[in-house]
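Subject: Structure handover

Hello,

Here is the structure you are taking over. Please open it before reading on.

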Amino acid sequence: MRVIMRIPEKKEFTFSGPKKVREILRELKMNPEATLVIKGNTLLTLDDVVEDGEEIEVRSAISGG
Amino acid sequence: MRLCKVCKAKAVIELPQHNTAFCREHFLAYFENQVRRAIQDFRMFTTEDRILVAVSGGKDSLVLWEVLLRLGYRADGLYIDLGIGDYSAASREKAEAFAAARGATLRIVSLKEQYDVTVPELARSLRRPACSGCGLAKRYLFNLEAEKGEYDVLATGHNLDDEAATLFGNVLHWNLEALRRQSPVLEAENGFRRKVKPLIRLTERETAAYAILTGIDYIVEECPHAVGARSHLYKELLNQLELHSPGAKRQFLLGFYERGRAAIEGATERPEVRPCKVCGQPTVAEVCSFCRMMQRVGVDEVRLMTAAGVE
């Protein structure tokens, strides 16, 4: 699966699926309280499973100076 | 699979602070209800009032504008073009596209057009961080534009994380004057327009989720000057705490509003406010800090007076 991040800088990761969102965030060291996981025009919860061949965006929800 | 608390359909978001989860439809209803509750609990405004929403092109301000329109309020937007290169161009485009798609009114003020200076130029000339000049300019122009347009109230998209981080910083430094002023509603007085923050019951993650689930196209990239800001560190610390103790941020902030503020209300003397000798906007000095800043970078008095509508 492809995991895209746009902020703070553009990055792309590849994980092998199936994998739970909770595991993906843990491996990326992202705090679920400050993060959204986007698939298409919807959001995934921590128990959702991402399969091989799928693409998600992991977006930090924290912004502003 | 996590299910929606209301309808048992598949959930799209978990909210550990409420020990719950919602599908898209019920999350949007929950979100709008939280905004409605903040407006009512703090008596922010009514459907009769004309509201000016300070819009940056980011998620919080666009979400605030969207919800106010959905709830039937009379809300116009105000975008301030700060001249921060590609970032300002892209964020202005987002704000304009949002307004056009909804047939809403967006007022635009350009720092360059009005004062012939940009935020990066201010930072270079004054040799101080861009954020301090930027914040000062925004606060000044929000008030000025709300006055020019005769709006009853000025609304900003500050969310629970913004306010909790500010509170954390104010407590860390025991800044009593800032603590006294930190409120979801600042009443109109001495030339200051009424200011409100209707998103204070909602976290930054919730506002981002609302934007994504309603298809609001906001600027995801950060302002280049905000990278490494102290408020980011405070937000991260509070989110670490939240992870281990869900609801801690809410208790910290809402508890302050409910109990803490009253305790410090009389702890500091209120400075005397008077009109600035140049532009007429409220200030505690002879000349307000915005005019002083602009004069230091070479903006003349006539220009400041003209921009403020002073004859």
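My notes on it follow.

This is a predicted model: local features need pLDDT of at least 70, side-chain atom pairs count only at pLDDT 80 or more, and totals for chains, interfaces and linings use all residues. Residues are numbered from 1 along each chain as its sequence is written, and chains are lettered from A and ligands numbered from 1 in the order in which they are written.

The chain contact: chain B puts in 33 residues and chain A puts in 20 residues. Residues are in contact if their C-beta atoms, placed from the backbone, lie within 7 Å. On the side of chain B that touches chain A, strand 1 (13–15), helix 9 (204–214) and helix 10 (230–244) of chain B each supply at least two residues. Helices (H or I, at least four residues) and strands (E, at least two) are DSSP runs, numbered from the N terminus. Helix 10 of chain B gives the most, with seven residues.

Helix 10 of chain B also meets helix 7 (residues 160–172) of chain B: their axes come within 9 Å and cross at roughly 100°. Axes are lines fitted to C-alpha atoms, for helices over the stretch in contact, and angles run from 0 to 180 degrees between N-to-C directions. Helix 7 of chain B is therefore roughly perpendicular to helix 10 of chain B (65 to 115 degrees). Among the residues making this contact are Phe168(B) of helix 7 and Tyr234(B) of helix 10.

Last, Glu121(B) sits in helix 5 (residues 119–126) of chain B. Glu121(B) and Ala9(B) are 53 Å apart in space, C-alpha to C-alpha.

Best wishes

Conventions. Contact = placed C-beta atoms within 7 Å. Parallel < 35°, antiparallel > 145°, perpendicular 65-115°, else oblique.
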